[in-house]
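Have the model open beside you as you read.

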Amino acid sequence: MPRSPLPSILLQATILNAISNLLAQVIDQYQKDAPFTLNTLALLQFITYALIIVPINFSFQNWLESSFPGFPTWQRLKPRKPTPHPSLDLDMDGVAIDILPSVKDKPIPMFQPRKASQRSGTWNFAMKFLLDQTVGSVGNIVLFVVLINLLKGVAWSRTWELVAEDFEPIMIARLKYRPVVSTLMYTVVPVERRVVFGSACGVIWGVYLSLYAAV
């Protein structure tokens, strides 16, 4: 039984998220003109957030690929060999006659008809891109605000208020970079590397999130 790539993906993505939080702390304290002091609690909160969100995104990306595979293939049909028996019969005088002229007159199809459930690569790419920008973005933003605030000890009632307050600015910021990342993810990056690729591309995004959460 093949090993799941999730453990190594989780480790790599968590390290990248930790790096983004450290960079955010450096930037934040530089802007305040203060000597750098590691905020260990904020770092642990962001790492914990990554440990929760990475498996969720891993499962989501696998579901997208299984539902909308990127490269459907045509299957060629082998040329049909002539079979005289079904199309020939004997007349009253014993002479062979063609009783199925329409069979030999029809062109032999070179490809199998596309199944109703099979879509083109372009269609599948469009669906993955659309779902990543909508379902994926909304889910990630809501989970970020909820998890970070709960890890800080914020009450549930206040957490949901913060979701309503923070959703729009974070969504606008995400739409400035995520479409480019998604385009690359669904055209050149293998599905098992997409979460790590997203985290690598999202180091700057992680810095933004860390600063948004006040590191």
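**A look around the protein**

The protein exposes about 13700 Å², and carbon and sulfur atoms supply 68% of that area (Shrake-Rupley method, 1.4 Å probe; for residues, only the protein chains shown count as cover). Please keep in mind that this is a predicted model: local features need pLDDT of at least 70, side-chain atom pairs count only at pLDDT 80 or more, and totals for chains, interfaces and linings use all residues. Residues are numbered from 1 along each chain as its sequence is written, and side-chain values use heavy atoms, with hydrogens and water left out.

Nine helices and two strands make up the secondary structure (DSSP runs numbered from the N terminus: helices are H or I with at least four residues, strands are E with at least two). From the N terminus, the order is α-α-α-β-β-α-α-α-α-α-α. Of the 215 residues, 34% are buried (under 20% relative accessible area; exposed is over 50%, partly exposed in between, with a 1.4 Å probe and protein chains only).

Now to helix H1, residues 6–31, which gives the most to a nonpolar surface patch, with five residues. Which residues form this patch? They are Leu-11, Ile-15, Ile-19, Leu-23, Ile-27 and Leu-211, with about 480 Å² of accessible area together. Leu-23 sits in helix H1 and is partly exposed, at a relative accessible area of 39%. Patch members have over 30% relative accessible area and no salt bridge, and nonpolar side chains (Val, Leu, Ile, Met, Phe, Trp, Tyr) are joined within 5 Å; a salt bridge puts a side-chain nitrogen of Lys or Arg within 4 Å of a carboxyl oxygen of Asp or Glu.

How values were computed
Patches are made of residues with over 30% relative accessible area and no salt bridge: like charges are joined within 9 Å, nonpolar side chains (Val, Leu, Ile, Met, Phe, Trp, Tyr) within 5 Å.
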